[in-house]
Amino acid sequence: MLALAVGAHPDDVEIGAAGLIAKLTDEGHDVYILILTDEEADGTRRREEAQRSAKELGIPDDRLLFAAFRDGYLRADRDSVTRIRRITVAAGINPDLVIVHSRSDSHNDHVEANTLARSSFRGCVFLYYSIYLSSEDTSFRPHVFIDISGDRAALKERALAAHRSQAARLSQYDLVDHERRWGARIGLDRVEALEIMKQNNSGSVFRQILDLSDSPFHRFWSPIVGGSKISLLYAVPPSSGTLIDWPTSDESAGRDELRRSFAASWHPASPLVEYASNHPQARDVIAQGHTLLVGSGTGTGALFDYQNRLLSGWAVDFDIPRTRHAYLVDRRTGKRLYPTLGSAGEVKSDFGILANYANSFSSRFRVLWAVGATGIAARAALSFLANPGGHPTFQRILSTEGNVCVVFQVFTSDFRIRIIAVED
């Protein structure tokens, strides 16, 4: 992968993305840095500082480029785009990834740098970094997080220290405190937070770039949700008086866990919207956006209808009259998987389905299933969705742009999960 990091001024790239650049170079990707403006009074010194800083990051002089626009007067116009294209063509650069300022910023040069970069390159994925001195965090929407700790933190400090002429300005606010506030959202000490955007024809690079993130939660959910909402539809229990009551406490606990994860980790607000499956607009919700279906196809309303329409293999079903618990069934073979019960009727192990499908109403949207024969498996599925990093195998299998269905068994003693089948 070829990456181009763009800064409106010397030191901007190091402030917002030094850790990311270090990670890219460590993984063997080619990285260039382009600085857009020069200061009239001290341009030579600033360039020398930029060269020393780039070397700390492993970027040699021939991969550090200067556009020499006037500081404070940057404009994303036709002439500026032409100059950027000439510079990058001369350097042999056709980037897969462009790292540049976020538009959620109060500095005019930073905002113009974002527009200029997007206007100058095609077929790219973009990562937008914030500058802690001028960022507007209420509108900043990061979905990629780079861990800044250990050697990477020390490297970033050395890179910034090379900009000696800016020491007073950089010390106005605490960059480490800024990075720790973002890190607290995802359970890390310090992170660089970055927005992600892909242009058309960016190919498979988008997934590769998401995999750079040190937040498993965002690695899993960002390609599914993006900047949209996701509607969670939960199965309502059967009417009272049935022979086997459908327990809902475990499903509710799982939904609570997922709700808390989105509330804590997704900025600026959780994309999760919840509906009961017998809501009068449930079918419209499924048809018009990303959807997470929770509980069981044996619940009433849209879940049962959509399960029959979507899942051709494994599904959840029950006997009529209901004298036993629901079960998983392979519709192709008739094989059934019933929950294992203890002597007192308690559930000792359960069977469930985690699936990630293209929405049959519109391929632009995804449908996720988290269902079980009882609420135990549904809760286990929701626990994974709340903490994808806790089960890397699930995350690898379910992170797909195609269709995949995972059938699993969960043991209530320790919530250990055993994968039984994976089908696409």
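Modeller: Let's begin with Phe 126 and Tyr 128, which are both buried. Here buried means under 20% relative accessible area, exposed means over 50%, and partly exposed covers what lies in between, with a 1.4 Å probe and protein chains only. Please keep in mind that this is a predicted model, where local features need pLDDT of at least 70, side-chain atom pairs count only at pLDDT 80 or more, and totals for chains, interfaces and linings use all residues. Residues are numbered from 1 along each chain as its sequence is written, and side-chain values use heavy atoms, with hydrogens and water left out.

Now for the rings themselves. The structure contains 12 aromatic pairs. In one of them, Phe 126 and Tyr 128 sit 6.1 Å apart, centre to centre, with 50 degrees between their planes, and this pair is tilted. The rule behind that word goes like this: rings of Phe, Tyr and Trp (its six-membered ring) pair if their centres lie within 6.5 Å, and planes under 30 degrees apart count as stacked, over 60 as edge-to-face and the rest as tilted.

Ser 130 is in the loop between β5 (125–129) and β6 (144–147). Strands (E, at least two residues) and helices (H or I, at least four residues) are DSSP runs, numbered from the N terminus. With a relative accessible area of 8%, Ser 130 is buried. Leaving aside residues up to four places away in sequence, Ser 130 touches Gly 16, Ser 135, Phe 140, His 178 and Ala 193; touching, or contact, means heavy atoms within 4.5 Å.

Charged side chains give another view of how parts of the chain are linked. A search of the whole structure turns up 24 salt bridges, each being a side-chain nitrogen of Lys or Arg within 4 Å of a carboxyl oxygen of Asp or Glu. One of them joins Lys 23 and Asp 214, with 2.8 Å from N to O. Lys 23 is in helix α1 (residues 12–26), while Asp 214 is in the loop between α8 (205–210) and α9 (216–225), and this pair links distant parts of the chain, 191 residues apart. Lys 23 is buried at 9% relative accessibility, whereas Asp 214 is partly exposed at 25%.

Another salt bridge pairs Lys 156 with Glu 179, whose closest N and O atoms are 2.5 Å apart. Lys 156 belongs to helix α5 (residues 150–161) and Glu 179 to helix α7 (residues 175–186), so this pair ties together parts 23 residues apart in sequence. Lys 156 is buried, with 2% relative accessible area, and Glu 179 is buried too, at 2%.

Asp 256 and Arg 259 form a salt bridge with closest N and O atoms 2.5 Å apart. Both lie in helix α10 (residues 249–265), three residues apart, which is about one turn of the helix.

Finally, let's step back to the protein chain as a whole. The chain has 14 helices and 18 strands, and its C-alpha atoms fill a box of roughly 85 × 40 × 35 Å along the principal axes. Among contacts between residues at least 6 apart in sequence, 71% join residues at least 24 apart.
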